[in-house]
Amino acid sequence: MIVWILFLLAVVFILALDLGVFNKNPHIISTKEASKWTLIWVTLSFLFSGVIYWLYTTDYIANPDNLKPAVASMKFITGYLIELSLSVDNIFVIAIIFASFKIPQKYQHRVLFWGILGAVMFRGLMIFFGVMLINKFTWTTYLFGGFLIFTAIKMLFSGEDDDFQPKDSFVYKTLGKIIPITSEMDGEKFFISTKTAKRAATPLFVALIVIEVMDVLFAVDSVPAILAITSDPFLVFSSNIFAILGLRSMYFFLANMLAKFSFLEYSLVAILAFVGLKMILHDFIHVPEWASLGFIALSLLVGILVSLKFGKEKELTDTDLEQE
């Protein structure tokens with residue numbers, strides 16, 4: 001438990017440092033600043049795989065699957081890459097939510113900060129119950145695998161007409177019945193007094209709640225995906241947390257370049273289908289850890305390169321069609 005406590009304290013310290021020092025004053029986060037922090041988070045995540053290697057050579061952390069240190073490190077990196085790649089879809093939705101509620105850029109970081117706190121708690125609970133189910137009921141492995149393949153197929157054939165509309169969502173309508181909602185804003189406050197209500201939720205709070213709920217929905221895909229790699233609680237949780245912590249800087253880094261990565265969706269389909277098949281066929285086919293890591297890394301690399309090469313042409317074609 002000492003390792004778990006130290007890890008959680010480190011996460012709390014990093015978040016406190018983030019909001020209290022580096023982003024104490026609301027400001028628009030430039031692409032340069034976001035790229036710097038994205039690089040920092042990715043570097044820290046890969047360095048932590050070294051910590052994983054060291055932990056699994058000692059008795060400081062429980063090792064229920066009797067993993068060798070090198071295998072544990074590879075599983076952590078594989079899980080981290082899966083979570084990071086699946087976060088791309090989350091970034092698209094966050095951008096839509098911010099645009100829908102007209103959240104100023106300088107306040108977006110604050111919304112994402114509190115969203116991260118909620119995501120850490122919800123992911124922790126989902127991972128706990130997911131690991132418990134797999135360990136107690138082995139047949140749930142096939143259930144999770146089938147669900148991931150279904151998600152991949154649905155993602156492959158979903159059209160652009162299925163755009164998410166935050167103000168038409170069940171979450172927004174339900175929240176409006178619980179507390180008055182105002183379109184007015186007062187700095188970075190979540191609640192303000194209005195002429196019609198003593199306490200009304202500002203667009204910042206509404207965006208936060210919608211983002212939290214959407215993150216839970218995305219976790220329904222991402223948590224089973226990483227459970228296909230390992231059911232070791234610490235590896236699943238730590239890789240999830242590192243991906244979540246880096247999500248904010250990655251959002252600001254990619255926010256203005258989302259159209260360029262339009263082909264990355266196919267990489268996500270390939271990754272989900274791969275991990276789904278791995279879960280279903282785990283009793284018949286053993287996929288080495290290096291092969292899983294290699295497939296996921298290659299899928300992401302191909303998706304990024306194809307997007308950079310053809311994404312701009314696709315964007316120009318779509319613009320021409322809209323003008324016609």
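**Close-up views of helix packing**

**View 1. Helix 5 and helix 7.** In this predicted model, the axes of helix 5 (residues 140-157) and helix 7 (residues 203-227) come within 10 Å and cross at roughly 125°, where axes are lines fitted to C-alpha atoms over the stretch in contact and angles run from 0 to 180 degrees between N-to-C directions. Helix 5 is therefore oblique to helix 7, since angles under 35 degrees count as roughly parallel, over 145 as roughly antiparallel, 65 to 115 as roughly perpendicular and the rest as oblique. On the helix 5 side F144, F147, L148 and T151 meet V220, D221, P224, A225 and L227 of helix 7, contact meaning heavy atoms within 4.5 Å. These contact residues divide into seven nonpolar, one polar and one charged.

**View 2. Helix 4 and helix 9.** The axes of helix 4 (residues 105-136) and helix 9 (residues 247-254) come within 10 Å and cross at roughly 145°. Q108, H109, L112, F113 and I116 of helix 4 make the contact with R248, Y251 and F252 of helix 9, a set comprising five nonpolar, two polar and one charged residues.

**View 3. Helix 10.** The 17 residues of helix 10 (residues 264-280) should span 24 Å at 1.5 Å a residue, which agrees with the 25 Å between its end C-alpha atoms. Its buried residues (under 20% relative accessible area, 1.4 Å probe, protein chains only) include L264, L268, I271, F274 and K278.

**Notes.** Residues are numbered from 1 along each chain as its sequence is written, and side-chain values use heavy atoms, leaving out hydrogens and water. Local features need pLDDT of at least 70 and side-chain atom pairs count only at pLDDT 80 or more, whereas totals for chains, interfaces and linings use all residues.

Conventions: Helices (H or I, at least four residues) and strands (E, at least two) are DSSP runs, numbered from the N terminus. Ala, Val, Leu, Ile, Met, Phe, Trp, Tyr, Cys and Pro count as nonpolar, Asp, Glu, Lys and Arg as charged, and the others, Gly among them, as polar. The expected span of a helix is 1.5 Å times one less than its number of residues. Buried means under 20% relative accessible area, exposed over 50%, partly exposed in between (1.4 Å probe, protein chains only).
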